[in-house]
Amino acid sequence: MKTLTERINAICARIRELEIRYGREPGSVNLLAVSKTRPAEDVAEAILAGQTAFGENYLQDALPKIEALTSKKLASNDLSWHFIGPIQSNKTRDIANHFQWVHSVDRLKIAQRLSDQRPTHLPPLNICLQVNISRDPAKSGVAPEQAMELAMAITQLPALQLRGLMAVPSQTDDPDEQRALFRQLRELAETIRNAGIELDTLSMGMTNDMEAAIAEGATMVRIGTAIFGPRNPPKAPTT
Ligand SMILES: *Cc1c(COP(=O)(O)O)cnc(C)c1O
């Protein structure tokens, strides 16, 4: 059994290897450790191993962890907390108060609330639009053809900084199919950039499709299982 520190080191090494293999600039792919459902002790261990960016899906599971770990000051660098789960309107205030990034914005109403509720003493909240690139009716995300309009509207919101696009494509084990979907997200980002909107982030790739995502231009891969091991079902699936 490898330790958590060994698994983090292995993932980082693998990311560096894939950057080289696919002609990506060294250091251009960042690791977001998805710590949803994991106890604060596991996150603390990851921080001691040098990891500073963490992804959470369930607000009531995340808030006590954020509080515990922020006060502990385990890291020399600041931690960044990324909200990556579906967002209900009544959760936006806590998200705007406690996170640095939100990857799962898929409608204007939520973006407006996040901007209105972002405390003025904090820097703008970094935002990725979640795009339903597989057009799967069971998945969240803005439809690809509506992403441009939503991106434009978000650039007008004062307390938000639009950073990029995010996708969770339908699962497939075929690397070519994985790449085809990630390519669509990258091309959509290019289309939006060509309209004059700055985007520097492509949040795509999880444990099972990280290689395809890096090959297609991911700048942030969201990895849970390969770092923390298999998950138990979440306690709070409604969040
Ligand atoms: C759980 C989750 C991940 C991490 O998935 P793994 O397969 O465990 O690496 C990434 N992104 C989102 C949006 C998730 O919900």
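## Fold and packing of a predicted protein chain

For the 239 residues of the protein chain, a compact globule would have a radius of gyration near 18 Å, and the value of 17 Å found for the chain agrees with this; the radius is taken over C-alpha atoms, and the globule rule is 2.2 Å times the number of residues to the power 0.38. The model is predicted, so local features need pLDDT of at least 70 and side-chain atom pairs count only at pLDDT 80 or more, whereas totals for chains, interfaces and linings use all residues. Residues are numbered from 1 along each chain as its sequence is written, and side-chain values use heavy atoms, with hydrogens and water left out.

The C-alpha trace spans about 45 × 40 × 30 Å along its principal axes, and the chain has 9 helices and 8 strands, which are DSSP runs numbered from the N terminus (helices H or I, at least four residues; strands E, at least two). Of the 239 residues, 51% count as buried, that is, under 20% relative accessible area with a 1.4 Å probe and protein chains only. Among contacts (heavy atoms within 4.5 Å) with a separation of 6 or more, 62% join residues 24 or more positions apart.

| Helix | Range | Residues in the contact |
|---|---|---|
| α1 | residues 4-21 | Leu4, Thr5, Ile8 |
| α2 | residues 40-48 | Asp42, Glu45, Ala46 |

By class, this contact of α1 with α2 has 3 nonpolar, 1 polar and 2 charged residues. The axes of the two helices, which are lines fitted to C-alpha atoms over the stretch in contact, come within 9 Å and cross at roughly 55°. That angle makes α1 oblique to α2, since angles under 35 degrees count as roughly parallel, over 145 as roughly antiparallel, 65 to 115 as roughly perpendicular and the rest as oblique.

Leaving aside neighbours within four places in sequence, Ile84 is in contact with Leu32, Val34, Gly55, Glu56, Asn57, His103, Ser104, Met166 and Arg222.

In helix α5 (residues 108-117), the buried residues are Ile110, Ala111, Leu114, Ser115 and Gln117, and they pack against α4, β4 (101-105), β5 (125-130), α6 (147-155) and β6 (160-166).

Conventions
Axes fitted to C-alpha atoms, helices over the stretch in contact; angles between N-to-C directions. Nonpolar A, V, L, I, M, F, W, Y, C, P; charged D, E, K, R; others polar. Buried < 20%, exposed > 50% of the residue type's maximum accessible area, 1.4 Å probe, protein only.
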